Amino acid sequence: MKRLSISSLCVLVAAVATMALLTGAPVADAVDCNPSELSPCLPAITSSTPPTSSCCQKMVEQTPCLCGYFKNPEFKPYVTGGKRVAAACGLTVPEC
């Protein structure tokens with residue numbers, strides 16, 4: 001069996017990475033976890049008002065941040081409403 005040199009291995013790794021990029025392999029976008037982004041949801045979170053489409057859009061964008069918000073003691077009064085709104089927007093509420 002022929003052994004690959006370091007330079008051949010580097011070329012192989014670069015080729016595989018290039019193929020992944022060209023085939024559209026998903027790349028994670030960074031999310032700015034900013035609770036003020038959920039301000040369109042405040043009426044729905046604090047009352048029985050159904051969430052608006054802009055609220056649901058923001059909720060989807062902030063989904064990776066929800067556990068952090070749920071664990072923050074400052075947001076404790078809003079957790080139940082936040083989970084209800086997330087579910088109403090069709091999101092799977094994360095287990096934190």
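Visitor: How far apart are the sulfur atoms of Cys 41 and Cys 55?
Guide: In this predicted model, Cys 41 and Cys 55 form a disulfide, a pairing that requires the two sulfur atoms to lie within 2.5 Å. Cys 41 sits in the loop between H1 and H2 and Cys 55 in helix H3, so that the pair links distant parts of the chain, 14 residues apart. The distance between their sulfur atoms is 2.1 Å.

Visitor: Is the link of Cys 41 and Cys 55 left-handed or right-handed, and are the two residues buried or exposed?
Guide: The angle about the S-S bond of Cys 41 and Cys 55 is 110 degrees, which goes with a right-handed link. As for accessibility, where the cut-off for burial is under 20% relative accessible area, Cys 41 and Cys 55 are both buried.

Visitor: Why is the disulfide of Cys 33 and Cys 65 called left-handed?
Guide: Cys 33 is joined to Cys 65 by a disulfide with an S to S distance of 2.0 Å. Cys 33 lies in the loop between helix H1 (6–22) and helix H2 (42–46), while Cys 65 lies in the loop between helix H3 (53–61) and helix H4 (66–71), so the pair ties together parts that are 32 residues apart in sequence. The disulfide is left-handed because the torsion about its S-S bond is about -80 degrees.

Visitor: What is the torsion about the S-S bond of Cys 67 and Cys 96?
Guide: A disulfide joins Cys 67 to Cys 96, with the sulfur atoms 2.1 Å apart. Cys 67 belongs to helix H4 and Cys 96 to the segment after helix H5 (79–88), distant parts of the chain that are 29 residues apart. Cys 96 counts as partly exposed, at 48% relative accessibility. The disulfide is left-handed, and its torsion is about -85 degrees.

Visitor: What is the pairing of the bonded cysteines in sequence order?
Guide: The count of disulfides comes to four. With the bonded cysteines of the protein chain numbered in sequence order, the pairing is 1-5, 2-3, 4-7, 6-8.

Visitor: Where does pLDDT stay under 50?
Guide: The protein chain has a mean pLDDT of 77, and 70% of its residues reach 70 or more. One stretch, for which the model has three contacts beyond four places in sequence, stays under 50, namely residues 4–28.

Key: Residues numbered from 1 in each chain as written. Predicted model: local features only at pLDDT ≥ 70, side-chain atom pairs only at ≥ 80, totals over all residues. Heavy atoms only, no water. pLDDT = per-residue confidence, 0-100. Contact = heavy atoms within 4.5 Å. Helix = DSSP H or I, 4+ residues; strand = E, 2+ residues; numbered from the N terminus. Buried < 20%, exposed > 50% of the residue type's maximum accessible area, 1.4 Å probe, protein only.
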